[in-house]
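Please open the structure in the viewer and follow the selections below in order. The tour visits the ligand surroundings and then the sheet.

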Amino acid sequence: MPETILVTRPAPGVGLITLNRPKALNALNQQVLAEVTEAAAELDRDREIGAIVLTGSAKAFAAGADIKEMQPQSFSDVYAADWFAGWDALTRVRTPLIAAVAGYALGGGCELAMMCDVLLAADTAKFGQPEITLGVIPGMGGSQRLTRAVGKAKAMDLCLTGRMMDVEEAERAGLVSRIVPAGSLLDEALATAEKIAGMSTPAAMMAKEAVNRAFETGLTEGILFERRVFHGTFATADQKEGMAAFTEKRKPTFTNC
Ligand code: CO8
């Protein structure tokens, strides 16, 4: 049984992972890493699950990697163990991932939110990469994903000063999909997850893959990838059903095949 997270299935087709180390503001230690990546992989393997929500507490999504765990490590320790490379497993999850962020999303917490596909943020959310204030730099993709999300100017500002940005600034900069009142964050995230889970799961996975290609390839390659995957959707029963339902003026019933 996991000890640092809660895993539930609160609605049809929806998995929910809640970070649960309240005393440490959900700081991400090695146990959290193992438990989150394992839970996400298990939900990803479940053909009934069409979307996964990852959330924290009202005060903190996650206040970063666990500084107390990192503090005694030497270069050879973190290098030999390839410290935090395990988080890459989350980016291999093919089911759409929704981050529901309230409170602090700092350092590794911000980086974890950025590994998700949709980022819903409460009006209390605060984002930052404060690693520089600890004498280190982002190590879970922050300098890369943040720069791709918000551009060089703001990423440099955040990584070099360690300052936090509030949710309005984060949304303006393109980091956040939507701002939601804190009290309805989880409901909104679960409703979004249910909506995505109600689509054709293969189509949702393909859309996720195609958008992610925009981060990893040039435009010509990305457009070609998109077009080939688009062609591939015509091999699914869900394409037949989706288009038939439109012409027959009814709601589609997708069977995920
Ligand atoms: N790690 C460990 N413990 C933490 C962390 C953390 N990141 N953040 C908070 N805590 C603990 C505090 O130590 C405190 O515990 P205790 O009660 O035992 O002293 C408890 O959580 C509550 O925290 P505070 O009392 O500080 O709460 P405040 O409301 O006063 O402040 C803040 C909240 C502003 C979020 C503050 O806790 C803070 O600044 N936290 C650290 C934020 C930070 O620097 N995060 C970046 C960490 S480095 C990182 O993420 C690098 C990722 C990549 C590494 C790659 C390595 C190879």
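Select the shell around the ligand in this predicted model: its residues divide into 14 nonpolar, four polar and six charged. Of the 24 residues around the ligand, those that come nearest are Lys59, Ala63, Ala65, Ile67 and Gly108.

Next, colour the elements that line the ligand. At least two shell residues come from each of α2 (67-70), β6 (104-106) and α5 (108-115). Which element gives the most to the shell? It is α2, with three residues.

At alanine 65, a backbone N or O atom is placed 2.8 Å from an oxygen atom of the ligand. At isoleucine 67, a backbone N or O atom lies 2.9 Å from a ligand nitrogen atom. Lysine 68 takes part through its side chain, where a polar atom lies 3.0 Å from an oxygen atom of the ligand.

Then hide the ligand and select the strands. Six of them form an open sheet with mixed pairing, in the order β1-β2-β3-β5-β7-β10. The edge strands, β1 (5-11) and β10 (178-180), each pair on one side only. From one strand to the next, the twist averages 25 degrees.

Finally, zoom in on β3 (residues 51-55) and β5 (residues 97-101), which pair in the parallel sense over four bridges. Which residue of β5 is the bridge partner of leucine 54? Select alanine 99 to see that partner.

Definitions and conventions: Residues numbered from 1 in each chain as written. Predicted model: local features only at pLDDT ≥ 70, side-chain atom pairs only at ≥ 80, totals over all residues. Heavy atoms only, no water. Near = heavy atom within 4 Å. Polar contact = N/O pair within 3.5 Å; in protein donor to acceptor, adjacent residues only side chain to side chain. Nonpolar A, V, L, I, M, F, W, Y, C, P; charged D, E, K, R; others polar. Pairing = 2+ DSSP bridges. Axes fitted to C-alpha atoms, helices over the stretch in contact; angles between N-to-C directions.
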